[in-house]
Amino acid sequence: MAMMHARLIGLLVLMAASLTTGGTTSAAASLRGATSAAATPPGSLWFDEQAAAAFTVDHGRFTDGLGREVVLRGYNVSGETKLEENGGLPFASVADAEMSATALRTLGGGNSVRFLLSWAHAEPVRGQVDSAYLAAVTAQMRAFLAAGIRVHPDFHQDLYSRHLFNPGSWYTGDGAPKWAVEAGGYPREFCGICLFWGQNITQNEAVKRAAYDFWHNRGGVQDAFLATARTTMAYLADHLTGPEFAAVAGFDPYNEPYAGSYDTGQTSRMWERDLLWPFYEKFRARMDAAGWQSKPVFVEPNLFWNSNLSFQKQEGGLLDAGTIGPRYVFNTHFYDHKAISGVFMWGKAADGQYARDFGAVRDRAADAGTAAVVSEFGHPLTGTVSDKAPTVHKAMYQALDSRLPGATWWSRPQDSGPVLSGTQWQWDIYNGRHHELMNGNPDKVRTAGDAWNDEDLSAVRLDDSGTPVLRQDARLLDRLYPSATAGRALAFTYEDRSRDGSATLTWNPVPTSLPRVRELVGSGQYGLLLWRSDGGTAPTELHLPASFETTRTAVVSDLGTVSGLPSYGSDAPIAVAPEPGGTGSRRLLLTAGRADVLHYALVTNGATAPSAELLSAARAELAGWAAGRD
């Protein structure tokens with residue numbers, strides 16, 4: 001009923017405004033012009049509007065409208081799109097979307113989401129795009145944009161389509177519409193001995209043939225998808241206001257691409273070159289035609305290019321695409337399949353566990369001349385391997401922050417590499433409260449976890465009062481990170497002190513060679529950023545976690561020392577302010593006026609009212625340490 005209500009409202013809005021799918025009428029243009037000024041998120045400061053006006057790739061980094069280096073952190077919203085219970089939408093209502101967006105900001109510390117869309121619901125009948133679905137998508141997406149969250153949509157698929165699977169199947173899929181499956185004439189799906197749903201990719205003949213046909217455009221199925229994608233993008237460009245559309249970072253065309261099967265003599269690298277990359281070029285052309293010329297495509301390589309299981313790994317990474325920035329972003333996923341298997345990694349993750357894996361992402365993006373995003377990562381939160389989750393997630397976030405283990409970061413910060421953007425899988429407020437008829441079977445109602453192929457990875461759920469609460473340690477998820485650097489971030493580290501059960505995990509202690517810094521940090525959380533300034537008047541921003549209370553946070557920097565953060569003002573080089581969006585989340589602002597100067601800032605909640613002497617001594621130690629890195 002909620003879904004029907006949302007679609008009826010969408011249709012009424014469309015009729016009243018005389019809008020048409022895929023085109024801009026004078027009414028739509030008037031709507032955008034009338035609302036653009038009012039769309040500035042609450043809590044915005046003098047520089048925020050210009051910062052939000054653009055998002056692009058420059059010299060291998062994401063940048064905003066002020067040219068500041070941007071880091072995207074957040075979650076996938078959400079696996080609910082893969083289910084039928086809400087008609088392929090992430091939420092049952094706009095109110096739920098608004099609640100989720102606020103929680104994602106305040107509890108999860110996110111400034112970005114990968115927003116899942118369903119091809120099956122966008123084009124339920126071949127050649128006919130469902131404008132009511134697009135209206136509902138736009139309304140729910142707007143809830144995140146209003147909260148100051150950047151969005152990049154993703155046409156999602158897994159195992160090609162749920163319509164490949166019969167009502168009694170052990171597994172299901174998502175993605176392609178029923179008509180695309182019926183036109184293919186595929187055999188009855190069967191996976192054989194499959195312990196994990198992903199084995200269908202290589203063992204289920206129906207899945208393999210359907211994927212193969214998509215990449216070879218059998219029956220024009222890929223052309224149909226591209227046409228729907230163009231219509232969808234044009235709709236979003238037409239129906240979002242100017243500031244809202246500016247906060248749409250780009251588009252992810254296709255989740256986790258794989259060949260299905262290779263032709264005789266074809267390798268995975270050849271498949272990427274001859275089939276996957278031409279598809280991305282076609283998608284890029286559709287973006288341009290739909291008014292997305294200034295936004296990058298978030299392109300994924302072959303799913304298996306960076307598997308950490310040697311027998312799964314395939315050569316890839318878009319090696320033959322050349323220099324792809326700034327119009328393309330290198331977009332990849334990472335899951336520790338060794339840990340998930342329960343066989344190939346018996347213990348838990350440790351300091352630096354994924355430094356090499358995420359280092360490969362940095363290197364591949366650098367070689368391609370573009371920025372990188374890890375748009376999916378995570379680990380099961382229930383089940384036989386869930387005991388590994390706290391350490392696996394900590395190690396993954398550590399690897400996003402820096403390519404170095406904590407054990408060597410202080411001695412080699414110059415090798416830290418760029419701070420990576422990433423969106424964790426996933427943020428589903430309905431976790432554990434679903435009512436999904438698996439493959440349409442009323443005798444297989446799924447309610448637990450994510451309600452999809454026995455997965456349970458959502459970082460959030462609703463409590464009995466209907467309030468979003470975290471399912472993971474807040475110290476792990478709500479993190480300090482440089483969301484916008486005025487200049488160039490050279491090195492960053494964050495010790496979150498997250499927990500594995502009752503044990504506090506400390507992988508990057510302050511070295512004994514800096515005793516006063518070590519005293520200041522104590523057993524608290526801390527982060528340290530080194531950056532070279534660009535001379536602009538807009539500040540560098542770090543997301544400030546809720547655990548960093550304003551009155552208890554200390555900052556030691558070449559810009560000064562502060563214990564208890566003052567509110568932002570034109571004469572305060574170190575200050576605190578709300579993040580745009582009115583959710584209550586906060587940011588630390590560091591204003592450095594001179595260009596091409598090396599700056600440092602240590603941020604900690606480890607000491608209550610530290611003395612001026614301790615702050616001064618800690619600053620002297622850090623100054624000496626940083627001088628050796630210039």
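A residue is termed buried when its relative accessible area is under 20%, exposed when it is over 50%, and partly exposed in between (1.4 Å probe, protein chains only). The model is predicted, so local features need pLDDT of at least 70 and side-chain atom pairs count only at pLDDT 80 or more, while totals for chains, interfaces and linings use all residues. Residues are numbered from 1 along each chain as its sequence is written, and side-chain values use heavy atoms, with hydrogens and water left out.

Helices (H or I, at least four residues) and strands (E, at least two) are DSSP runs numbered from the N terminus. Helix α15 comprises residues 389-401. Its 13 residues reach 18 Å from first to last C-alpha, close to the expected 18 Å (1.5 Å times one less than the number of residues). Twelve of the 13 residues of α15 are buried, among them H393, K394, Y397 and D401.

F311 is found in the loop between β7 (297-299) and β8 (328-334).

Five strands form an open sheet in the order β16-β19-β25-β21-β22, with antiparallel pairing (two strands pair if DSSP finds at least two bridges between them). Because β16 (487-495) and β22 (560-563) stand at the edges with a single partner strand each, one side of each lacks a neighbour in the sheet. Within this sheet, β21 (residues 554-557) and β25 (residues 595-604) are joined by four bridges in the antiparallel sense. The bridge partner of V555 in β25 is V603.
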